[in-house]
Amino acid sequence: MADDFIHTRDAGSESKVSTSEVMELVEISSMFLIKIKGGQSLIIPKEDTNHTESIKLRLLEMYKLLNIPYSEELNWEWK
């Protein structure tokens with residue numbers, strides 16, 4: 001992630017989202033959610049990466065830089 005864009009990539013696709021579109025960051029026990037204008041979210045599962053702590057640190061940097069809401073809801077569960 002650069003300061004202006006979030007780049008995502010998986011086996012079949014690649015995308016780029018402007019950080020100006022990010023509305024909120026949420027951390028729950030199993031994933032990070034990057035909420036974007038228009039009702040979409042980028043989901044980063046914690047279990048699929050060995051870099052959870054570095055991802056969290058980078059998201060916290062983005063939260064501070066963009067002055068957007070960040071919340072930890074580590075006890076949140078699907079109902």
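Predicted model: local features only at pLDDT ≥ 70, side-chain atom pairs only at ≥ 80, totals over all residues.
**Entry 1**

Buried or exposed, I wondered about Tyr-70? Its relative accessibility is 17%, and buried means under 20%, so Tyr-70 counts as buried. Next I looked up Tyr-63, which has a relative accessible area of 29% and is therefore partly exposed.

I then searched the whole structure for aromatic pairs and got one. It is made by the rings of Tyr-63 and Tyr-70, with centres 5.5 Å apart. Their planes stand at 45°, so I wrote the pair down as tilted. A note to myself: a pair of aromatic rings is described by the distance of the centres and the angle of the planes.

Which order do the strands of the open sheet have? I read off 5-4-3-6, four strands with mixed pairing. At the edges I found strand 5 and strand 6, each pairing on one side only. Strand 6 covers 70-73. From one strand to the next, the twist averages 20°.

Strand 4, residues 31-36, runs antiparallel to strand 5, and the two are paired over six bridges. Across from Phe-32 I found Ile-44, which belongs to strand 5.

**Entry 1: the largest pocket**

Now for empty space. Rolling a probe the size of a water molecule over the atoms shows where empty space is left. The largest pocket came out with a volume of about 340 Å³. Which of its 12 lining residues are closest to the centre? I noted Ile-6, His-7, Thr-8, Ile-34 and Ile-44. Ile-44 was already in my notes as the residue opposite Phe-32.

Where does the lining come from? Strand 1 (5-9), strand 5 (40-45) and helix 1 (52-66) each supply at least two residues. Strand 1 gives the most, with four residues. By class, I have eight nonpolar residues in the lining, along with two polar and two charged ones.

**Entry 2: Ile-6**

I finished with one of the residues closest to the pocket centre, Ile-6. I found Ile-6 in strand 1.

Definitions and conventions
Residues numbered from 1 in each chain as written. Heavy atoms only, no water. 1 Å grid on protein atoms, 1.4 Å probe; cavity = no way out; pocket = protein on both sides within 12 Å on 5 of 7 lines; lining within 4 Å. Points joined across faces, edges and corners; volume = space filled by probe spheres on them. Nonpolar A, V, L, I, M, F, W, Y, C, P; charged D, E, K, R; others polar. Pairing = 2+ DSSP bridges. Axes fitted to C-alpha atoms, helices over the stretch in contact; angles between N-to-C directions. Phe/Tyr/Trp six-rings, centres within 6.5 Å; stacked < 30°, edge-to-face > 60°. Buried < 20%, exposed > 50% of the residue type's maximum accessible area, 1.4 Å probe, protein only.
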